[in-house]
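Visitor: I have a model open and would like to go through it with you. Can we start with what is packed inside?
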Amino acid sequence: MRFLLLASLLLFSSQAARAQTDWGQSHNLLLTAKISGDWFIISRSNLASRDDFSDYFFGYTGAGLGYRLSPRWSLRAGYRRAWIRPRDDWLDEHRWYAETYFADRLRGFRITNRSRVEFRTFDYRADDVRLRNEITVEAPWTLTSLKLKPYLEEEAFYSTRDGQFEANWLGAGLAWRPADGVKLKLGYRWNHFRVGDAWNDRNVIVTGVNLFF
């Protein structure tokens, strides 16, 4: 596992050096609350910038319902409203989604995998069904007196309408749990995304606030 993390960090460093075209931020808020038995509600919101942090161009918010099948597996489904400004005007996107979520520990490493199907509808382009898969590995090692834990994550995006991958995110950072039910994240993400037939890169500073009730 240490070899895997070292190899991933080397790959991450090479891709980060490659992404020299732009810098941005991605701020995330995740809320999860139990409601009854194995049922829970989940909400996530995001605000993202580009053009060397100067232009906030994307955001979303939404909510979903989840059911815990076992300590490792859960199912979620919900709705997300997104706004994007590719040029001058803000455009709307509606996303209905269903996903599986897996979480377990292997030799102290916390491993999660989320597989999602998004049903996306637009007023300005053809509708699409997108497949997303995210893998996260959080190390058991703690750094400093704050007990920060390093993590690696990767997420791939595939458009069924176009029959092609449209983005890949590779990231790393530190996670901090200052209190029960609170998780804070600070990291870097190499965003490799398709615009038409061309691939572009963006360096993204990622912050996350996760609250569990």
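Guide: One term is needed before that: a nonpolar core is a set of buried Ala, Val, Leu, Ile, Met, Phe, Trp, Tyr and Cys residues joined through side-chain atoms within 4.5 Å. Buried means under 20% relative accessible area. Also note that this is a predicted model.

Visitor: Fine. Which residues make up the largest nonpolar core?
Guide: The largest nonpolar core has 5 residues in all: Ala48, Phe57, Phe58, Tyr60 and Ala82.

Visitor: Which strand gives the most to this core?
Guide: Strand β3, residues 55-68, with 3 residues.

Visitor: What is Phe58 in contact with, apart from its neighbours within four places in sequence?
Guide: With those neighbours left aside, Phe58 is in contact with Asn46, Leu47, Ala48, Ala82, Trp83, Ile84, Trp90 and Arg95. Of these, Ala48 and Ala82 are also members of the largest nonpolar core.

Visitor: How does β3 pair with β2?
Guide: Strand β2 (residues 39-50) and β3 run antiparallel and are joined by 10 bridges. Ile41, for instance, has Leu65 in β3 as its bridge partner. The two strands form a hairpin with 4 residues between them, and Asp51 there takes a positive phi near 50°.

Visitor: And which way does β3 pair with β4, parallel or antiparallel?
Guide: Antiparallel, over 11 bridges, with strand β4 covering residues 73-84. Ala63 stands opposite Tyr79 in β4. β3 and β4 also form a hairpin, with 4 residues between them.

Visitor: What about the turn in the hairpin of β5 and β6?
Guide: That hairpin has 2 residues between its strands, and Arg107 in the turn has a positive phi of about 55°.

Visitor: I was looking at Ala98. Is it buried, exposed or partly exposed, and why?
Guide: Ala98 counts as partly exposed because its relative accessibility is 34%. The residue lies in strand β5.

Visitor: What is Ala98 in contact with, leaving aside neighbours within four places in sequence?
Guide: Arg76, Ala77, Ser115, Arg116 and Val117. Ala98 and Ser115 are 17 residues apart along the chain, and their C-alpha atoms are separated by 8.5 Å.

Visitor: Which strand does β6 pair with over 11 bridges?
Guide: Strand β7, residues 128-138, in the antiparallel sense. Asn113 stands opposite Ile135 in β7. The hairpin of β6 and β7 has 5 residues between the strands.

Visitor: New topic, cavities. How many of 30 Å³ or more does the structure hold?
Guide: The structure holds 1. The largest cavity has a volume of about 50 Å³.

Visitor: What lines the largest cavity?
Guide: Its lining consists of Glu134, Glu153, Glu154, Glu155, Trp169, Gly171 and Arg189. The elements that give two or more residues to that lining are β8 (149-159) and β9 (164-179). β8 gives the most, with 3 residues.

Visitor: How many of the lining residues are nonpolar, polar or charged?
Guide: The lining of the largest cavity divides into 1 nonpolar, 1 polar and 5 charged residues.

Definitions and conventions:
Residues are numbered from 1 along each chain as its sequence is written. This is a predicted model: local features need pLDDT of at least 70, side-chain atom pairs count only at pLDDT 80 or more; totals for chains, interfaces and linings use all residues. Side-chain values use heavy atoms; hydrogens and water are left out. On a 1 Å grid over the protein atoms alone, a cavity is a set of points where a 1.4 Å probe fits but cannot get out, and a pocket is an open set with protein on both sides within 12 Å along at least five of seven lines; lining residues have an atom within 4 Å of a point. Grid points are joined across faces, edges and corners, and a volume is the space filled by probe spheres set on the points. Ala, Val, Leu, Ile, Met, Phe, Trp, Tyr, Cys and Pro count as nonpolar, Asp, Glu, Lys and Arg as charged, and the others, Gly among them, as polar. Two strands pair if DSSP finds at least two bridges between them. Buried means under 20% relative accessible area, exposed over 50%, partly exposed in between (1.4 Å probe, protein chains only). Contact means heavy atoms within 4.5 Å.
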